[in-house]
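I opened the model to look up its charged side chains, and I kept these notes as I went.

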Amino acid sequence: MVTELDPGVHSIDIPLPGNPLRNLNSFLIRGSERNLLVDTGFNMEPSLAAKREGLSQLAVDMESTDIFLTHLHSDHIGLAPVIASGKSRIFISGPDREFMRMHMEAGGREELDRYFLSFGFPPKELEENRSKNPAVIYLSKREVEYTEVSDGQVLDLGGRRLECVHTPGHSPGHMCLLDRDNGLLFCGDHIIFTISPNITSWPSVPDSLGNYLASLEMTGTLPVRRAFSAHR
């Protein structure tokens, strides 16, 4: 399902079967030079089918469309390598890209497993979790190049400028996107309205909850008239 939310802004409803969140709101933001697709969905057939249908309804050409990933969770990044064209840039924050590189790619999960074991996580349950965890099974195996973005960086689509806002907590490098000219905030999982985002422990991050609360207070000062969450 495609919904127009604001001039030049549409949401594509992406199902997440078997996940309690049920859906992902993927946002298509149009500019005069480039489009930007915010978040993508699991790398699984129902998500991909909904994504392709939504892009078709909006007549989106991926050759002129970039992808912005608010954070590293697979319901947000899973389809990015699948739908990206050869001309699509895939944006993600530096901290989350580094975490992906160290803990989610090329054997890095072994280090993450050791981190969990150090807290007493049972090895048998850890092995089961590895085989069923959406963070593992719904990622694309296709290798792509990611473009790192930083706090305050502006993405210019042509006639629409979007500011990257670092909001650590849900993930170490979680990013929101602020459209100052139109008073719009694309929140990712930083603000989900009816539920609290999952704040987890991350290696090398001493206080995820403190980071989240500070980020939440900061976003309350932004010039926003409408905020768009990644989930219902």
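**Notes on charged side chains**

I began with Glu98, which is partly exposed at a relative accessible area of 34% (buried means under 20%, exposed over 50%, partly exposed in between, with a 1.4 Å probe and protein chains only). The model is predicted, so I kept in mind that local features need pLDDT of at least 70 and side-chain atom pairs pLDDT 80 or more, while totals for chains, interfaces and linings use all residues. Residues are numbered from 1 along each chain as its sequence is written, and side-chain values use heavy atoms, without hydrogens and water.

Glu98 meets Arg101 in a salt bridge at 2.6 Å, N to O (a side-chain nitrogen of Lys or Arg within 4 Å of a carboxyl oxygen of Asp or Glu). The two are three residues apart in helix H4, which means about one helical turn between them (helices are DSSP runs of H or I with at least four residues, strands are runs of E with at least two, numbered from the N terminus).

I then turned to Asp6, which is buried at 9% relative accessibility. Asp6 forms a salt bridge with Arg226, with the closest N and O atoms 3.5 Å apart; because Asp6 lies in strand S1 and Arg226 in strand S12, the pair ties together parts 220 residues apart in sequence. Arg225, exposed at 52%, also forms a salt bridge with Asp6, at 2.9 Å between the closest N and O atoms. I noted that Asp6, Arg225 and Arg226 are linked in a network of salt bridges.
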